[in-house]
Amino acid sequence: MTQEYIGTKQVLAWEQDSPKKVKVCGIDCRKGEADCNSYCTGGADRAPAHPAEPGYAVKYPDGYISWSPKAIFEAAYLPLGHIGHLSAHQQRVIGESVQLGDRLTKLDGFIGTELFSSLPQREQELLKLQSGAMHVYRDVLARRIEAF
């Protein structure tokens, strides 16, 4: 059965002018070839090369390296900064804070719009209450991060 999915993951990524600088296993090379990562999913012949456009090389926690076009990557990921030196739980707190900040910015931007004003009064009250709770939550996370 078809259904909707949402996911979150933390990845290491760097901007690339061209995907040709990154060897993506199964696209730019095959397992066992020089300069190819070892996370191939098969031995098929090379697929067509990536288009020459700006994007990001992406390294996943298991070491798999891929490439993503800039617009697609930036729509899916929020930057966390250089946090690799922190412990895993500290990285998660920072990730949570960044995601919350993004959602709060969007919610606060929505409050006061025409669409917001067209909602039933009870829905408006609940959204304002939600925003207030999110502000408190963000402040608690900020204090935790300062303590790192």
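Biologist: Let's begin with Glu-125: is this residue buried, partly exposed or exposed?

Modeller: Keep in mind that this is a predicted model. Glu-125 is partly exposed, with a relative accessible area of 39%. Its salt-bridge partner is Arg-122, and the closest N and O atoms of the two are 3.7 Å apart. Arg-122 counts as exposed, at 54% relative accessibility. Both residues sit in helix H4 (residues 121-147), and because they are three residues apart there, about one helical turn separates them.

Helix H2 (residues 88-110) has a pair of its own, Lys-106 and Asp-102, four residues apart, again about one turn of the helix. Here the closest N and O atoms of the salt bridge are 3.0 Å apart. Lys-106 is exposed, with a relative accessible area of 55%, while Asp-102 comes out as partly exposed at 24%.

Now for a pair that reaches across the chain. The side chains of Glu-15 and Lys-70 meet in a salt bridge, 3.0 Å from N to O. This one links distant parts of the chain: Glu-15 belongs to strand S1 (residues 12-16) and Lys-70 to helix H1 (residues 70-76), 55 residues apart. Glu-15 is exposed, at 54% relative accessible area, and Lys-70 is partly exposed, at 29%.

Technical notes
Residues numbered from 1 in each chain as written. Predicted model: local features only at pLDDT ≥ 70, side-chain atom pairs only at ≥ 80, totals over all residues. Heavy atoms only, no water. Salt bridge = Lys/Arg side-chain N within 4 Å of Asp/Glu carboxyl O. Helix = DSSP H or I, 4+ residues; strand = E, 2+ residues; numbered from the N terminus. Buried < 20%, exposed > 50% of the residue type's maximum accessible area, 1.4 Å probe, protein only.
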